[in-house]
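Please read each point with the sequence and the model side by side.

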Amino acid sequence: MESVLLRARGVSDSRSIATYLAAGGYEGWKKALGVGPDAVVKEVLDSELRGRGGAGFPTGRKWSFVPKDHPGPRYLICNADESEPGTFKDREIIEHDPHQVIEGIAIASFAIKANTAYIYIRGEFVRWAKILEKAIAEARAQGLLGTNVLSSGFDLDIWVHRGAGAYICGEETALIESLEGKRGFPRLKPPFPAVVGAFGKPTVVNNVETLACVPHIMTRGATWFASIGRPRNTGPKLFCVSGHVNRPGVYELPLGVTFREIIEEHCGGIKGGRKLKAFFPGGSSAPIMTAEEVDVRADFDACAEAHTMLGSGGVIVLDDSVDMVNVADNIAHFYAHESCGQCTPCREGSDWCADILDRIAAGHGRSADPDTLLRICRFSSEGMTICPLGDAYALPISSMVNKFRADFERRIAGASPLPPKKLPVLPWTGPRPGFGI
Amino acid sequence: MTTCPLVVAPPETTANVTFDKTMDDRIGEVMRRYPTRRAALLPVLWLCQERFGWISPGVISAVAERLGDSPAFVDGVVSFYTMYHTSPPARYVLQVCTTLSCSVCGGRELVEHLKAKLGVGFGEKTPDGSFQLVGVQCLGACGNAPVIQVNDDYYENLTPQRLDAMLDELREGR
């Protein structure tokens, strides 16, 4: 497949606006300004573009939920808070082609009639925040952003807003709270952000890769975009492959290739001639898949049929040297650290799972532990929490226990009981507590 | 009954902070980007961390006053996020990714190597104050595992040998 989103990779000086304009950049933006917002929304609807951040929701439909009669202002937010373990595609797009993102933001803002857009980028990405700020300044200097863009009467400002280290801020309502200067606590839905979002106004939050697709849809048309991939799963997709493969990295492939193709053909197979044991199809929040499931197609619907999800397209490959207890332990700690703490099932459950898995890994597992893990996960998933972080830890952990139970039982079989803990007793030397007695 | 303070705060944490003209202008410029004053909180805290090195209680009070929020609210926000330093950091903060892809691709060995070489554990500083070791969650560079972020910069595809060379370079204050 020809390179679309990553066409600038390997081009010299690919980040500058001159290079981008020479390659036909900002033509989609000019075309959008000519045809008007409704035609832009229709084009994106027809392309069947689905959100690349994880949920796979149709982008055009998300845009069309913004109330038409709202007096405004409205906001567009570009979600560059890339934090899902195994995902590093947005960074690749910004590194090589920041103007593609800026153009996508401009078109999307125009489609929903927003005059202000924010790019919420994760705090660690200092370098990439600077790249974006430079690109915005270049576009502004060319009159492609700012007041009365290209004499169309449309005003647009884009600001880069840096997060400060919180996975949860990738969830769109937590992101909005964080943008408003608060702790990143997800909001109850409904109301959805398209109706009540940032600063109480209609807001659309789109992922970097989703927005990067938009200029191509405008210039080359919805039919061209829909011809890539499979029905209802259209377009190119960036797959980030990490773990035990010979050539890890970001690959641009049509939706619907099989995971076998990704791992064996594009990534050169498993490192060191070992065998594939398991892989996460879309970041560590997706239920794990076994080596037998490697022929499943990498698209939204096929993954859903296989009881997992394509998520962000972060494929983490694990060879037969890994023990699933350690994998589960590692990701349980990630979610225990990143749970925002609002909902009890997620805050406590992720911590309990991490504790139990620590104990199994330390050789003190108990025979009831696998079932206890499954029970904790059941009470944390499928609508028990405000946001999907409850599912995000519960589904992969329960899938690991279900699919690789032998690993857990082997560790538990050779386990010794946990030595009794001696509670520390601290001598109290200060004043005695009490009511002045 | 006598009362005694449980913790004696070191003087630098209680020092008052005032913003000079340049800083005040920069804060004003940031505030114009948002419809509410509160929304400028995260960027203003970043400016303060850049200027003062860390977010001291003095900074929290000054920011709260400037944005019209309470110090308690600002403290609540600061403590939610992991990247604001609430104590003075070392010259180089080594943030080692400990999440899955890095962990299975040599990250665990890298952590052991670092701990042995620097003689400190996670969350600790070397006695000379030049390095601080922090274990962090996914840095979003899994394809180039293992990864360490040193202050603002990413160092990717590390091996113990490359790590040693990197530490030497940093020590010389390149």
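1. The buried residues of H6(B) are covered from both chains: the elements involved include strand S7 (236-243), strand S11 (314-319) and helix H13 (324-338) of chain A, and strand S1 (92-97), strand S2 (131-136) and helix H7 (160-171) of chain B. Helices (H or I, at least four residues) and strands (E, at least two) are DSSP runs, numbered from the N terminus. Among the buried residues of H6(B) are B:Leu100, B:Cys105, B:Leu110 and B:Leu114; a residue is buried if 20 or more other C-beta atoms, placed from the backbone, lie within 10 Å of its own.

2. This is a predicted model, in which local features need pLDDT of at least 70 and side-chain atom pairs count only at pLDDT 80 or more, while totals for chains, interfaces and linings use all residues. Residues are numbered from 1 along each chain as its sequence is written, and chains are lettered from A in the order in which they are written.

3. Helix H6 (residues 100-118) of chain B is bent by about 75 degrees at B:Gly106; the bend is the angle between axes fitted to the seven residues ending there and the seven starting there. Just after H6(B), B:Gly119 has a positive phi of about 70 degrees.

4. Between the chains, 36 residues of chain B are in contact with 47 residues of chain A, contact requiring C-beta atoms, placed from the backbone, within 7 Å. On the side of chain B that touches chain A, H6(B) gives the largest share, five residues. That side divides into 22 nonpolar, 11 polar and three charged residues. Here Ala, Val, Leu, Ile, Met, Phe, Trp, Tyr, Cys and Pro count as nonpolar, Asp, Glu, Lys and Arg as charged, and the others, Gly among them, as polar.

5. In chain A, five strands form an open sheet in the order S8-S7-S11-S9-S10, with mixed pairing. Strand S8 (249-254) and strand S10 (289-290) of chain A are at the edges; each has a single partner strand, so one side of each lacks a neighbour in the sheet. Two strands pair if DSSP finds at least two bridges between them. S7(A) and S11(A) run parallel and are joined by four bridges, and A:Val241 stands opposite A:Val315 in S11(A).

6. The domain assignment of chain B, automatic or from a database, gives domain 1 (11-80) and domain 2 (92-171). The C-alpha centres of these two domains of chain B lie 30 Å apart.

Notes
A residue is buried if 20 or more other C-beta atoms lie within 10 Å of its own, exposed if 12 or fewer, and partly exposed in between; C-beta atoms are placed from the backbone. Two residues are in contact if their C-beta atoms, placed from the backbone, lie within 7 Å.
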